[in-house]
Every structure is written in structure tokens, then in C-alpha cells.
Amino acid sequence: MATLKDHARTLCTPLLAPLERGDEPFHYAPKSRLILVIMCALFLTIAIGLAVLLPSGSDPFFLLPVAVFGLIGLAGFLIAWLGSDRAVSRLWNSRQG
């Protein structure tokens, strides 16, 4: 029986496939995933803070930073949760050697 994580991995295949591709050696440290989660939490905090502090009736162009920081935060959380060790190390560009 497929779990929620399996369904989410199939849904996020376009995001995860380029990071998990390849057979070259890589260096993975367990702290890499924790640091990724912390960085994504910071990005989402910035996005939420900007959205809350945005004055009402302002130019819609000011929503661009909210969208950019929010998407980076969400993509990082998805990679940290669903990605393999190779995907996390490739995100940090950690190569063996």
C-alpha cells in the first residue's frame, strides 16, 4: 500500500528528478537536511513577514518578493522531506573528492 510520502514523491517528480539523476559519487552529511529545513523556514518567515507588512492598496509588483521567497521556501521543504540523500547533497553542490 502506497503511503502519503510515495504519492507526494510521484507528484513532485519534476522537481526531484533532476536532483536525483546521475551516478557520480556525492558527499552527504545528515546536517545538510537540517540546515536545508532551517533555511527554508527562514525563507518562509520572510515571505509571511513581507505579506503581513505589505500595505493594503499597494502596487501588485510588491507581491513578487513574497512569491519568490515563498516558492523557494516551499521547494526546499519538499526537497528536504521527499528528496533522497543525493538530491539534498546535489542541492548543496556537495561532490565527493
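Student: How much of the contact set in the protein chain comes from residues 24 or more positions apart?
Tutor: They account for 84% of the contacts with a separation of 6 or more, where contact means heavy atoms within 4.5 Å.

Student: And what are we looking at, as a source?
Tutor: It's a predicted model, in which local features need pLDDT of at least 70, side-chain atom pairs count only at pLDDT 80 or more, and totals for chains, interfaces and linings use all residues. Residues are numbered from 1 along each chain as its sequence is written, and side-chain values use heavy atoms, with hydrogens and water left out.

Student: OK, how many helices and strands does the protein chain have?
Tutor: Five helices and zero strands, in the order α-α-α-α-α along the sequence. Both are DSSP runs numbered from the N terminus: helices are H or I with at least four residues, strands are E with at least two.

Student: What's the radius of gyration of the protein chain, next to a compact globule of 97 residues?
Tutor: The protein chain has 16 Å, while such a globule would have a value near 13 Å. That's taken over C-alpha atoms, and the globule rule is 2.2 Å times the number of residues to the power 0.38. The C-alpha atoms fill a box of roughly 50 × 35 × 20 Å along the principal axes.

Student: Switching to the inside: which residues make up the largest nonpolar core?
Tutor: It has 11 residues, among them Cys 12, Leu 36, Ile 79 and Val 88. α2 (13-20), α3 (30-53), α4 (63-82) and α5 (85-91) each supply at least two of the core residues, and the largest share, three residues, comes from α4. A nonpolar core here is a set of buried Ala, Val, Leu, Ile, Met, Phe, Trp, Tyr and Cys residues joined through side-chain atoms within 4.5 Å.

Student: What does Ile 79 touch, leaving out residues up to four places away in sequence?
Tutor: Leu 15, Leu 16, Leu 19, Arg 33, Leu 36, Val 88 and Leu 91.

Student: Ala 8 is in that core too. Why does Ala 8 count as buried?
Tutor: Because its relative accessibility is 14%, and buried means under 20% relative accessible area (1.4 Å probe, protein chains only). Ala 8 sits in helix α1 (residues 4-11).

Student: Which residues does Ala 8 touch, again skipping those up to four places away in sequence?
Tutor: Trp 81 and Leu 82. Ala 8 and Trp 81 are 73 residues apart in sequence, yet 9.7 Å apart in space, C-alpha to C-alpha.

How values were computed
Buried < 20%, exposed > 50% of the residue type's maximum accessible area, 1.4 Å probe, protein only.
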